[in-house]
Amino acid sequence: MYNILDIMFFILYYMSRETNKDNNEKTERRRIMTTTFVIGVIAGLITVAVIYKLAAKFTGAGAFCKDNFDERQLLVRGNAYRYAFYTLLILMTVWMILGEVISTLPVTTGLALFIIMLISIDVYAVYSIKNDAYFGVKYDKRRYFIFFLVIIAMNLIGGIANIMGNEITAPFSLMECANIAVAAAFLPLLVLMGISAFNDREESDDEES
Amino acid sequence: MKNLKLKSARAAKDLSQQQLAEMVNVSRQTINAIEKGDYNPTINLCIAICRVLDKTLDELFWTE
């Protein structure tokens, strides 16, 4: 009699067989896309560095300056980092075990690690937002809301364009799915920020009345 | 345990949570958490709050 682990193994094995199809075509396509991808990543990193420097100049403090947060927020953020780290460890372990059990997974290592990273960041951000510690004392939440909205919109547009322009089949790679993954990671944060802002306003109104 | 002494002292000064928070350089949620008893502030923050509200540490934070 098969136990649950055996059944899971067969399901995963079947999935891995399916993903071997058309791998050669994908390899060639990826080789062409790699140069563009690397240039895009470098350009993105330079843009982030420039934006960070400009923000630091105009606000008088870096975005990660600990003085922007009060003592309770620093405590909450410490816990949030802890939970994010545990999440990272657990998901990396799961990925490691899957990698040992299955020869070909439906996602590439790059994409899997990227998703694990995004989930860990989400854990950190969700915990911080829920406990009112994501934004510093003098942060403008509306600007962040708009900023997140722009990030989601840009990544969604990029992701959809990528899907429509190329035939995407398993194993899914980082180059093909990075935009969609980023949009999916930011979406719950945006919703939570909206709910948090609404609750905050209600709480302020209650306190004043 | 709720800190009603802090809440009444703040109300006596006619300050909102937001105003008090700005005066002691913390977030409004932190003042709210202290009043609700969800967060125990450090001695530095206690002193800052006492100075703003013209109260002693005993008057605001000592529990019988």
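Biologist: How many helices and how many strands are there in chain A?

Modeller: This is a predicted model, in which local features need pLDDT of at least 70, side-chain atom pairs count only at pLDDT 80 or more, and totals for chains, interfaces and linings use all residues; side-chain values use heavy atoms, with hydrogens and water left out. Residues are numbered from 1 along each chain as its sequence is written, and chains are lettered from A and ligands numbered from 1 in the order in which they are written. Helices (H or I, at least four residues) and strands (E, at least two) are DSSP runs numbered from the N terminus. Read along the sequence, chain A has the pattern α-α-α-α-α-α, and the count is 6 helices and 0 strands.

Biologist: What percentage of the residues in chain A is buried?

Modeller: Buried means under 20% relative accessible area, exposed over 50% and partly exposed in between, with a 1.4 Å probe and protein chains only. Chain A has 209 residues, and the buried ones make up 28%.

Biologist: Among contacts in chain A between residues at least 6 apart in sequence, what share joins residues at least 24 apart?

Modeller: A contact means heavy atoms within 4.5 Å. Of the contacts in chain A that pass the threshold of at least 6, the share joining residues at least 24 apart is 79%.

Biologist: How far apart are the end C-alpha atoms of helix H4 of chain A?

Modeller: The expected span of a helix is 1.5 Å times one less than its number of residues. H4(A) covers residues 109–130, so its 22 residues should span 32 Å. The value in the model agrees with this, as the end C-alpha atoms are apart by 31 Å.

Biologist: Which residue with positive phi follows H4(A)?

Modeller: Within H4(A), the buried residues include Leu111(A), Phe114(A), Asp122(A) and Ile129(A). Gly110(A) also lies in this helix, but at 34% relative accessibility counts as partly exposed. After H4(A) comes a residue with phi near 55 degrees, Asp132(A).

Biologist: How many residues of chain A are in contact with chain B?

Modeller: Both sides of the interface can be counted. Chain B puts in 16 residues, and the number from chain A is 13.

Biologist: Which residues in chain B lose the most area to chain A?

Modeller: Buried area is the accessible area (1.4 Å probe) that two parts lose on being put together, summed over both. The two chains bury about 1200 Å² between them, 43% of it on carbon and sulfur atoms. In chain B, three residues together account for 43% of what that side buries: Arg28(B), Gln29(B) and Tyr39(B).

Biologist: Which side chains meet in the salt bridge between chain B and chain A?

Modeller: A salt bridge is a side-chain nitrogen of Lys or Arg within 4 Å of a carboxyl oxygen of Asp or Glu. One crosses from helix H6 (residues 174–208) of chain A to helix H3 of chain B, and both of its residues are buried. At 2.6 Å, N to O, the partners are Asp200(A) and Arg28(B).

Biologist: Which helix gives the largest share of the side of chain B that touches chain A?

Modeller: A polar contact is a pair of N or O atoms within 3.5 Å; within protein, one must be able to donate a hydrogen and the other to accept it, and residues adjacent in sequence count only if both atoms are side-chain atoms. Across the interface, 7 residue pairs, both at pLDDT 80 or more, are in polar contact. On the side of chain B, 6 residues come from one helix (residues 28–36), H3.

Biologist: With which side chain does that of Thr30(B) make a polar contact?

Modeller: Thr30(B) is found in helix H3 of chain B and counts as buried, at 0% relative accessibility. Leaving aside neighbours within four places in sequence, Thr30(B) is in contact with Asp70(A), Arg72(A), Tyr39(B) and Leu45(B). The polar contact, at 2.9 Å, is with the side chain of Arg72(A).

Biologist: Which side chain does Glu35(B) meet in a salt bridge?

Modeller: The distance in this salt bridge is 2.6 Å, N to O. Glu35(B) lies in helix H3 and the partner in helix H1 (residues 4–12) of chain B, so the pair ties together parts that are 25 residues apart in sequence. Both residues are buried, and the partner of Glu35(B) is Arg10(B).

Biologist: Is Asp54(B) buried or exposed?

Modeller: The side chain of Asp54(B) meets that of Lys13(B) in a salt bridge of 2.5 Å, N to O. Lys13(B) counts as partly exposed at 37% relative accessibility. Asp54(B) has a relative accessible area of 56%, and therefore is exposed.
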